[in-house]
Amino acid sequence: MQSDDFPSLSKRPYEDVPAIDDTAAPPPPQIAVLPAALKNAVEVAVQQSNVAHQAFLADLPKVKQSVSAARGAAPSSESWVVAQVELSSLEMDRSPSVSALADIDSLYLQRLDQEFSGEDKGAAALIALSRQKIEAQVSAQQSEIDQLKAGIR
């Protein structure tokens, strides 16, 4: 083999420098605060859910007592009927929370569409934080109702 006919296998100077991508776009601006109208709509949904959740929690002990009294009772017996009526009342208490969740879902999806269309990003993430609070309340309410219903079947 001839040694002087081949190029060197040593690193070349440009191999140690990281590549710079001149075509990369800067990150989009992030919204830290919701626009006033959107913020108001989100706050209304959160407040609506909070009020409904407090009503739900206030009625929950009475419903638990009725369900406990109806445990093992025959369907259509007085205690069973009272427990069913109380459960229905509890469902009505949570209705505004479910409605608030639907409202905030709508706001969230509208904002996501706007952000995908090129508007400043970040507002959907802020709405999602409030949505999580409402969703947690609705989930907790549903869990309680499911447990109560299982007690009188």
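User: How exposed is Arg131, and how do I read such a value?

Analyst: Relative accessible area under 20% is read as buried and over 50% as exposed, with partly exposed in between. In this predicted model, Arg131 has 24% relative accessibility, so Arg131 counts as partly exposed.

User: Which residue does the side chain of Arg131 meet in a salt bridge?

Analyst: The general idea is to look for a side-chain nitrogen of Lys or Arg within 4 Å of a carboxyl oxygen of Asp or Glu. Here the partner of Arg131 is Asp105, at 2.4 Å from N to O. This pair links distant parts of the chain, with Arg131 in helix α3 and Asp105 in helix α2, 26 residues apart. Asp105 is partly exposed, at 22%.

User: Where do Arg94 and Glu91 lie?

Analyst: Both are in helix α2, three residues apart, which is about one turn of the helix. Arg94 is buried at 8%, while Glu91 is partly exposed at 26%.

User: Is Arg111 buried or exposed?

Analyst: Apply the cut-off again: under 20% means buried. Arg111 has a relative accessible area of 6%, so Arg111 is buried. Arg111 sits in helix α2, and its contacts beyond four places away in sequence include Ile31, Leu38 and Ile127.

Note on methods. Residues numbered from 1 in each chain as written. Predicted model: local features only at pLDDT ≥ 70, side-chain atom pairs only at ≥ 80, totals over all residues. Heavy atoms only, no water. Helix = DSSP H or I, 4+ residues; strand = E, 2+ residues; numbered from the N terminus. Buried < 20%, exposed > 50% of the residue type's maximum accessible area, 1.4 Å probe, protein only. Contact = heavy atoms within 4.5 Å.
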